[in-house]
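Subject: Handover of a structure

Dear colleague,

I am passing on the structure below, together with notes on what was found in it. Please read the notes with the structure open.

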Amino acid sequence: MTPANGETGVQVGLDNIRLTYSDSLLTSSGAAVTSDYLAGQITVKKGSTTVPFTAAISNNKNIILTLDSATEFDATYTVTVKSGAFKTSAGAISSSVSYSFTTKSPSLSLTEKHGKDWATVTVSYDFTGADDVTFRVEMEGTVLRSDFQPKSSSGSFDEELTGLTEGTSYIVKVTMTYGGGRTKIQTVSFTTAKTSTNNSLSSIKVADSEGVYNASISGNSATITGELKPASGRLDVTLTAADPEHAVITVDGVGKVTSGQSFRVSVSDGESTHVLDIIVTAEDSSEKQYTLTIPIYQEPTEQQPQPII
């Protein structure tokens, strides 16, 4: 049988079912099988509803049932052949047999992206084989779109949402109506972004000629433990913001630096401590100042011998 017995997810819009026998078929009385005879021996039902069809046979083995109405979404079709309907060329009498398959459901899925006061919900769908599909879009009980009919049976459309409140949760519900009143519903939820107040650093690293060292941060102060040895008079510093997406880091004498990326600072000869003043500005414009203190290794001074007087 095509579709196969027990098959699920069968395409909609299918207008024929095929039954294939291994032996040549005759009527129960041994006569040639005709279309009229087949119509009296086979039934096709969609659920409990009889589906009219036109029958034909080829090569005395292949029965083709052409449905008056093509297969629809979410339906189980059953083909039943009466007991004793056929006799094979070898004389065997057929028994009553039922075959069934189930058609697929239309597909519906939602994705979203959002900012502080806006969101875009993308509705993806595929209802190929149906021509009576409409969409309804709602958010928090308010209907945004009703009885919408896309131009194509497969694709997507965007629902643009504006004027939203930042830091607020929303639920968007999309209802697809098809097949004379059947529905498929999907929802997507999101919380709009909120202006960040985070003006902190999560880490400070300093690299010298011998390694990389993590600064200890306490309040507005950061300190490197031990004395560092600059490489050719330079140190590499990496500042990482707790909110790297929104915070701006500014270093006195250097300017703006990128969170998580190293920058170089020059250390003067004889400098025993190098100090960096850092300002982290949050998205809401609030600032936090840090002072980074870096002890610098000093080569010991060689003592000159004193003359004996």
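Pro-3 lies in the segment before β1 (16-20); helices (H or I, at least four residues) and strands (E, at least two) are DSSP runs, numbered from the N terminus. The peptide bond that leads from Thr-2 into Pro-3 is cis, with omega near 0 degrees.

This is a predicted model, in which local features need pLDDT of at least 70 and side-chain atom pairs count only at pLDDT 80 or more, while totals for chains, interfaces and linings use all residues. Residues are numbered from 1 along each chain as its sequence is written, and side-chain values use heavy atoms, with hydrogens and water left out.

The chain as a whole

The chain has 26 strands and 1 helix. Its radius of gyration is 39 Å, well over the 19 Å that the globule rule gives for 309 residues, so the chain is more spread out than a compact globule. The radius is taken over C-alpha atoms, and the rule is 2.2 Å times the number of residues to the power 0.38. Along the principal axes, the C-alpha trace spans about 145 × 50 × 25 Å.

Of the 309 residues, 33% are buried. Buried means under 20% relative accessible area, exposed means over 50%, and partly exposed is in between (1.4 Å probe, protein chains only).

Among contacts with a separation of 6 or more, 61% are between residues 24 or more positions apart; a contact means heavy atoms within 4.5 Å. The chain carries 22 positive and 34 negative charges, whose mean positions are 13 Å apart. Lys and Arg count as positive and Asp and Glu as negative, with His and the chain ends not counted. Each charge is placed at NZ of Lys, CZ of Arg, CG of Asp or CD of Glu.

The segment before β1

Asp-15 is also found in the segment before β1. At 37% relative accessibility, Asp-15 is partly exposed. Leaving aside residues up to four places away in sequence, Asp-15 touches Leu-65, Thr-66, Leu-67 and Ala-70. A polar contact of 3.1 Å links the side chains of Asp-15 and Asn-16. The term stands for a pair of N or O atoms within 3.5 Å; within protein, one must be able to donate a hydrogen and the other to accept it, and residues adjacent in sequence count only if both atoms are side-chain atoms. Asp-15 and Ala-4 are 11 residues apart along the chain, and their C-alpha atoms are separated by 15 Å.

Two residues with positive phi

Asn-59, in the loop between β5 (53-58) and β6 (62-67), has phi near 55 degrees, a positive value in a residue other than glycine. Asn-59 is exposed, with a relative accessible area of 63%. Asp-74 sits in the loop between β6 and β7 (76-81). The phi of Asp-74, again not a glycine, is positive and near 50 degrees, and this residue is partly exposed at 31% relative accessible area.

The loop between β11 and β12

Thr-128 and Asp-131 both belong here: Thr-128 lies in the loop between β11 and β12, and Asp-131 is found between β11 (118-126) and β12 (134-139). Thr-128 is partly exposed, with a relative accessible area of 38%, whereas Asp-131 counts as exposed at 74%.

The side chain of Thr-128 makes polar contacts with the side chains of Asp-126, at 2.6 Å, and of Ser-153, at 3.4 Å. Residues up to four places away in sequence not counted, Thr-128 touches Val-12, Phe-73, Ser-153 and Ser-154. Thr-128 and Gly-13 are 115 residues apart in sequence and 8.1 Å apart in space, C-alpha to C-alpha. For Asp-131 and Ser-153, 22 residues apart in sequence, the C-alpha to C-alpha distance is 7.9 Å.

Ser-196

Ser-196 is found in the loop between β16 (182-191) and β17 (201-207). Is Ser-196 buried or exposed? Ser-196 is buried, with a relative accessible area of 11%. Its side chain reaches the backbone nitrogen of Asn-198 at 3.2 Å. Not counting residues up to four places away in sequence, Ser-196 touches Asp-243, His-246, Ala-282, Glu-283 and Asp-284.

Regards
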